[in-house]
Amino acid sequence: MLRPLFIFSLVALIQLTATYGQQTAEEEQGVRYANRCEACKILAAELEARLGETGKSHDVIEIGYSVDDVRPKKRTEYRRSELRLLESLENVCERVLEYNLHKERTDSTRFAKGMSQTFQTLHGLVDKGVKVDLGIPYELWDKPPVEVTQMKTQCENMLEQYEDEISDWYFKLQETKSLQKHLCEEHVLKHRQERECLKEQLPEPKPEKKDKKAKGEKQKKTKGEKEEL
């Protein structure tokens with residue numbers, strides 16, 4: 001009885017050690033892959049965005065098949081059809097590759113579209129003739145980083161694993177709750193502490209400060225023009 005228990009404990013210890021070693025190696029290279037919360041959050045956002053694009057059509061389609069074409073085919077609105085869902089799901093994870101890694105942020109907003117502040121600065125230096133060596137060719141600077149390509153794989157796996165839950169939401173629940181709530185909160189992320197990233201949002205852009213000096217000069221000029229009149 002003790003021997004199987006010992007073997008089980010040994011295997012568990014080996015697996016834990018291997019996992020720890022892998023995480024340490026990743027961290028040493030400055031790599032921090034997306035967790036399930038981040039991957040689910042982006043999947044839900046991109047799928048809803050894709051559905052928003054395909055949902056603008058008011059077409060009516062015919063479905064079904066009849067050998068003698070006597071019985072009429074079933075007519076349904078495209079925006080409520082299974083076809084729309086399938087077309088929206090197709091290549092939705094490819095949209096993940098449009099994201100970049102913004103290393104100046106530490107929460108889930110580190111995955112966002114657009115060039116990061118770091119690379120904006122680096123590109124600016126290169127444009128000014130400054131030599132910048134990142135250890136990778138310049139033409140690869142704007143390629144998706146490994147964290148993003150790995151998240152695309154997570155997205156694909158999540159789609160396959162939760163296909164039924166997404167389908168249920170599409171046909172029955174999308175009018176009452178978001179895909180993020182249904183898929184991420186209620187199915188993918190079982191524990192409350194796993195859902196923290198769902199609350200994180202990009203900060204609102206700060207309004208541009210008006211140049212008081214320029215404003216004063218404009219008012220002075222306008223006053224002078226009125227006096228001339």
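At what angle do α3 and helix α6 (residues 163–173) pack, and how far apart are their axes? The points below start with that pair and go on to the disulfides.

1. Basis of the note. This is a predicted model, in which local features need pLDDT of at least 70 and side-chain atom pairs count only at pLDDT 80 or more, while totals for chains, interfaces and linings use all residues. Residues are numbered from 1 along each chain as its sequence is written, and side-chain values use heavy atoms, with hydrogens and water left out.

2. Packing of α3 and α6. The two helices pack at an angle of about 135 degrees, and their axes are 11 Å apart. Helices here are DSSP runs of H or I with at least four residues, strands are runs of E with at least two, and both are numbered from the N terminus. Axes are lines fitted to C-alpha atoms, for helices over the stretch in contact, and angles run from 0 to 180 degrees between N-to-C directions. α3 and α6 are therefore oblique to each other; angles under 35 degrees count as roughly parallel, over 145 as roughly antiparallel, 65 to 115 as roughly perpendicular and the rest as oblique. On the α3 side the contact is made by E82, R84, L85 and L89, and on the α6 side by I166, S167, Y170 and F171. Contact means heavy atoms within 4.5 Å.

3. The aromatic pair. A search of the whole structure gives 1 aromatic pair. The ring centres of Y170 and F171 lie 4.8 Å apart with the planes at 80 degrees, so the pair is edge-to-face. Rings of Phe, Tyr and Trp (its six-membered ring) pair if their centres lie within 6.5 Å, and planes under 30 degrees apart count as stacked, over 60 as edge-to-face and the rest as tilted. Y170 is buried at a relative accessible area of 3%, whereas F171 is partly exposed at 43%. Buried means under 20% relative accessible area, exposed over 50% and partly exposed in between (1.4 Å probe, protein chains only).

4. Disulfide C37 to C197. The search of the whole structure finds 3 disulfides, each a pair of cysteine sulfur atoms within 2.5 Å. One of them joins C37 to C197, with an S to S distance of 2.1 Å. The link of C37 and C197 is left-handed, with -100 degrees about the S-S bond. C37 lies in helix α2 (residues 36–54) and C197 in the loop between α7 (179–188) and α8 (212–228), so the bond ties together parts that are 160 residues apart in sequence. C37 is buried at 3% relative accessible area, and C197 is buried at 8%.

5. Disulfide C40 to C184. The sulfur atoms of C40 and C184 are 2.1 Å apart and form a disulfide. Its torsion about the S-S bond is about -100 degrees, so the disulfide is left-handed. C40 lies in helix α2 and C184 in helix α7, so the pair ties together parts that are 144 residues apart in sequence. Both C40 and C184 are buried.

6. L179 is placed in helix α7 and is buried, at 0% relative accessibility. Its C-alpha atom is separated by 9.8 Å from that of C40, 139 residues away along the chain. Leaving aside residues up to four places away in sequence, L179 touches A44, L47, E48, W169 and C184.

7. Disulfide C93 to C155. C93 and C155 are joined by a disulfide with S to S 2.1 Å. The torsion about the S-S bond is about -80 degrees, so this disulfide is left-handed. C93 lies in the loop between α3 (82–89) and β3 (99–101) and C155 in helix α5 (residues 146–161), so the pair ties together parts that are 62 residues apart in sequence. C93 and C155 are both buried. With the bonded cysteines of the protein chain numbered in sequence order, the pairing is 1-6, 2-5, 3-4.

8. Packing of α2 and α5. These helices pack at an angle of about 75 degrees, with axes 9 Å apart. α2 and α5 are therefore roughly perpendicular to each other. The contact involves R36, E38, A39, C40, I42 and L43 of α2 and M151, Q154, C155, M158, L159 and Q161 of α5.

9. Backbone at N91. N91 is in the loop between α3 and β3. N91 has a positive phi of about 60 degrees although it is not a glycine. Most residues other than glycine have a negative phi. N91 is exposed, with a relative accessible area of 52%.
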